[in-house]
Amino acid sequence: MKKLLLLLFMIPGIVGNAQVKKKLVPIAADCKGAIKLDFGKNKNVSYGPTVSPIGFGQIQEIRGSEKKSCTSFEKEHNSSWYYFDTPSDGDLVLDIIPIDTTHDYDFMIFKVKGLDDSFCDLINKQPVRSNISRSGKGGVSITGLSSSGKANFVHAGPGETFSKPLEVKKGERYYLVLDNVYPDGSGHTIKLGYQKNIEIGGSVLDDDEKPVQSEVTLKDSQGHEVKTETDSAGKYILNANLWESFAYTISFFNSSYFVNSQTIRDDSLIKANYKINDVKIILPKLKGGKKYTLSGINFFGDQAKLLPESYPSVSALCKLMKKNKKMKIRIEGHINAPGNPSLDNNKPLSEARAHTIYNMLLSNGIEKERMKTIGFGSMFMLFPHARTSGQQEANRRVEINVLSLE
């Protein structure tokens with residue numbers, strides 16, 4: 001097997017310019033006004049993008065430390081305070097993602113005894129995690145806690161981008177403070193969650209059941225991914241620490257074959273103790289004049305909005321079209337209407353679904369002259385009498401008709 005490559009993307013999928021800008025959310029510059037990061041019923045939480053941190057608020061809680069300290073800011077510059085209560089035991093991971101990638105965010109995490117609300121009155125304890133290393137102008141802008149981190153604390157100046165994950169118990173309270181060293185900066189997004197070791201393996205074959213060497217990518221819902229390649233027998237194993245997630249998407253790519261993806265739900269991983277080693281995938285040979293189902297592309301009911309786990313499939317299609325520069329396609333949209341197959345049944349929705357894929361490819365560099373769209377309503381449902389949610393979801397799909405490769 002090839003060596004695994006772990007990557008982090010700010011945005012899951014390839015939406016890029018097609019993303020709708022979010023309204024900036026507030027921050028708290030003082031500890032006593034700290035904003036709660038609420039996990040709710042989930043194992044992860046996302047907050048942001050925020051407004052810009054400007055100054056240290058009414059009180060400069062942190063001031064005057066050694067310049068090379070690994071456990072404290074030199075002082076607060078432009079700060080933002082948060083707190084959170086851990087919903088379960090596990091290894092906590094964190095992404096701090098600046099809007100302006102040239103800016104340098106430092107952070108510290110403090111553990112509070114019990115649910116003590118007096119923490120902010122006297123902040124004199126050592127943090128349990130920190131990273132004061134120079135990012136932004138010094139290199140990678142994202143910082144936080146990750147399995148790639150090698151130390152609990154990272155000192156000021158050039159250093160590791162991430163610190164180690166934090167082992168937590170259910171019901172503990174922590175305070176997180178961020179400091180943007182540079183003035184006139186922008187805001188940030190915080191992603192906080194739990195890490196799981198996941199192992200997925202299997203084989204990749206072509207239409208004739210012969211092994212295919214391909215690139216294999218596994219993504220969680222937060223945009224973290226791990227890559228490997230199959231061996232000469234088409235076998236692969238992905239073993240990585242990713243974020244706990246409701247669904248993971250595994251994608252397969254070879255420029256001479258049509259792409260394939262599979263969504264793996266968290267419940268199936270839980271049953272298998274997060275180890276599945278029998279995922280068999282067929283990559284059909286890429287041919288002009290042939291129609292392919294874009295696996296893993298599904299939509300919310302009665303909407304042209306993609307399910308989040310569908311983005312990696314669009315990304316793979318985009319990559320395939322960039323590798324095959326003369327490839328022209330027709331994107332065909334479909335809806336779910338059990339028992340009522342009709343070309344005219346909600347044709348506008350099926351057309352809108354095709355346009356969703358068209359717009360995503362267009363915004364990521366695929367020329368409009370290479371793409372056409374059409375909607376078929378409910379005429380060609382895969383399951384005309386769909387009874388299960390899985391069958392209904394499969395009907396809400398997009399197919400790719402490869403018009404030509406030359």
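**Figure 1. Pairing of Ile109 and Arg129 in the predicted model.** In this predicted model, Ile109 lies opposite Arg129 of strand β7. The two strands concerned, β6 (residues 105-112) and β7 (residues 129-133), run antiparallel and are joined by three bridges. Both strands belong to an open sheet of six strands with mixed pairing, in the order β2-β4-β12-β6-β7-β9. The edge positions are taken by β2 (35-36) and β9 (153-157); each has a single partner strand, so one side of each is left without a neighbour in the sheet.

**Figure 2. The disulfide between Cys31 and Cys120.** One disulfide is found in a search of the whole structure. The bond joins Cys31 to Cys120, with an S to S distance of 1.9 Å. Its torsion about the S-S bond is about -65°, so the disulfide is left-handed. Distant parts of the chain are linked in this way: Cys31 is in the loop between β1 (5-8) and β2, Cys120 is in the loop between β6 and β7, and the two are 89 residues apart. Both Cys31 and Cys120 are buried. Two further cysteines may be viewed alongside this pair. Cys70 is partly exposed, with a relative accessible area of 29%, whereas Cys318 is buried, at 5%.

**Figure 3. Strand β14 and its two antiparallel partners.** Four of the five residues of β14 (residues 215-219) are buried, so this strand is largely enclosed by the rest of the structure. Five bridges connect β14 with β15 (residues 224-229) in an antiparallel arrangement, in which Thr217 stands opposite Lys227 of β15. These two strands form a hairpin with four residues between them, and Gly223 in the turn has a positive phi of about 95°. Strand β14 is also joined by five bridges to β17 (residues 247-253), again in the antiparallel sense; here Val216 faces Phe252 of β17.

Figure 4. Strand β17 pairs with β18 (residues 260-265) through six bridges, and the sense is antiparallel.

Figure 5. Beyond its neighbours within four places in sequence, Phe258 is in contact with Leu283, Pro284, Leu286, Tyr292, Thr293, Leu294, Leu317, Leu320 and Ile400. In soluble globular proteins, nonpolar side chains tend to be buried together.

Figure 6. Ser146 is located in the loop between β8 (143-145) and β9. With a relative accessible area of 13%, Ser146 falls under the 20% limit and is therefore buried. When residues up to four places away in sequence are not counted, Ser146 touches Val93, Phe162, Ser163, Lys164, Pro165 and Gln195.

Figure 7. Most residues other than glycine have a negative phi, and most peptide bonds are trans. The peptide bond from Gly48 to Pro49 is cis, with omega near 0°. Pro49 lies in the loop between β3 (44-47) and β4 (79-85). Asp184, which is not a glycine, has a positive phi near 55°; this residue is in the loop between β12 (173-180) and β13 (188-205). Asp184 is exposed, with a relative accessible area of 78%. Glu209, likewise not a glycine, has a positive phi of about 65° and is placed in the loop between β13 and β14. Glu209 is partly exposed, its relative accessible area being 47%.

Technical notes
Residues numbered from 1 in each chain as written. Predicted model: local features only at pLDDT ≥ 70, side-chain atom pairs only at ≥ 80, totals over all residues. Heavy atoms only, no water. Pairing = 2+ DSSP bridges. Contact = heavy atoms within 4.5 Å. Buried < 20%, exposed > 50% of the residue type's maximum accessible area, 1.4 Å probe, protein only. Disulfide = S-S within 2.5 Å.
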